[in-house]
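Student: Could we go through this one feature by feature? I'd like the general idea each time, then the case at hand.

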Amino acid sequence: MPTIITHAAVPICLGLGLGLKVIPPRLLFVGIALAMLPDADVLSFKLGVSYGNVFGHRGFTHSLLFALLVPLLCVWVGRRWFKAGLMRCWLFLTVSLLSHSLLDSVTTGGKGVGWLWPWSNERFFAPWQVIKVAPFALSRYATPYGHQVIFSELLWVWLPGVMMMGVLWWYRRH
């Protein structure tokens with residue numbers, strides 16, 4: 001998995017690139033939260049749930065069904081709070097949440113992503129893995145491997161995200 005902070009890159013860059021009139025601050029905040037939400041499944045380790053279990057890490061919280069239904073629920077509950085059109089809210093929140101499992105699928109480790117739950121318990125990776133898998137222990141970021149993880153996230157997530165944000169900003173201005 002990329003670091004929890006890097007999972008926020010997609011909604012941050014997309015939201016700021018589109019501008020606050022298109023993606024209001026409250027919607028941006030919820031998009032960031034949803035982009036990080038699937039990693040709440042690491043709490044299952046504390047409950048004795050194994051990594052490969054459907055309720056373990058990268059299981060059902062990383063599925064396409066979860067990525068479609070949770071934003072729908074958020075839009076239904078917060079429709080007046082977001083101050084934006086329902087379809088725009090749902091699309092932004094869905095892209096934000098779906099970006100999490102997509103980023104996890106391009107990492108160099110782990111057991112893959114449970115995209116097809118509940119129809120299948122199979123785990124998937126994208127055809128290429130370019131992001132170094134992040135360690136669970138915070139202390140490991142001070143090691144040479146931790147530096148490689150941070151560099152790969154900057155290169156493969158943040159740099160393209162900032163470039164996309166710049167293009168969207170430029171497009172809005174012209």
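Student: Which helix gives the most to the lining of the largest pocket?

Tutor: Some ground rules come before that. This is a predicted model, where local features need pLDDT of at least 70, side-chain atom pairs count only at pLDDT 80 or more, and totals for chains, interfaces and linings use all residues. Residues are numbered from 1 along each chain as its sequence is written, and side-chain values use heavy atoms, with hydrogens and water left out. On a 1 Å grid over the protein atoms alone, a pocket is an open set of points where a 1.4 Å probe fits, with protein on both sides within 12 Å along at least five of seven lines, and lining residues have an atom within 4 Å of a point. Here α6 gives the most to that lining, with five residues. Helices are DSSP runs of H or I, at least four residues, numbered from the N terminus.

Student: What else lines the largest pocket, and how much space lies in it?

Tutor: About 290 Å³, a volume being the space filled by probe spheres set on the grid points, which are joined across faces, edges and corners. Of the 14 lining residues, Val10, Leu102, Leu103, Trp156 and Val157 lie nearest the centre. At least two lining residues come from each of α2 (9-18), α5 and α6 (144-173). By class, twelve are nonpolar, two polar and none charged; nonpolar covers Ala, Val, Leu, Ile, Met, Phe, Trp, Tyr, Cys and Pro, charged covers Asp, Glu, Lys and Arg, and the others, Gly among them, are polar.

Student: How many salt bridges does a search of the whole structure find?

Tutor: Side chains of opposite charge can pair when their charged atoms come close. The cut-off is a side-chain nitrogen of Lys or Arg within 4 Å of a carboxyl oxygen of Asp or Glu. The search finds one: Arg58 with Asp104, closest N and O atoms 3.6 Å apart. That pair links distant parts of the chain, 46 residues apart, with Arg58 in the loop between α3 (25-36) and α4 (64-78) and Asp104 in helix α5.

Student: Is Arg58 buried or exposed?

Tutor: Buried means under 20% relative accessible area, exposed over 50%, partly exposed in between (1.4 Å probe, protein chains only). Arg58 has 0%, so it is buried, and Asp104 is buried too.

Student: Which backbone angles deserve a look here?

Tutor: Most residues other than glycine have a negative phi, and most peptide bonds are trans. Arg58 has a positive phi of about 65°, and Lys83 one of about 60°. Lys83 sits in the loop between α4 and α5 and is exposed, at 64%. As for peptide bonds, the one from Trp117 to Pro118 is cis, with omega near 10°; Pro118 is in the loop between α5 and α6.
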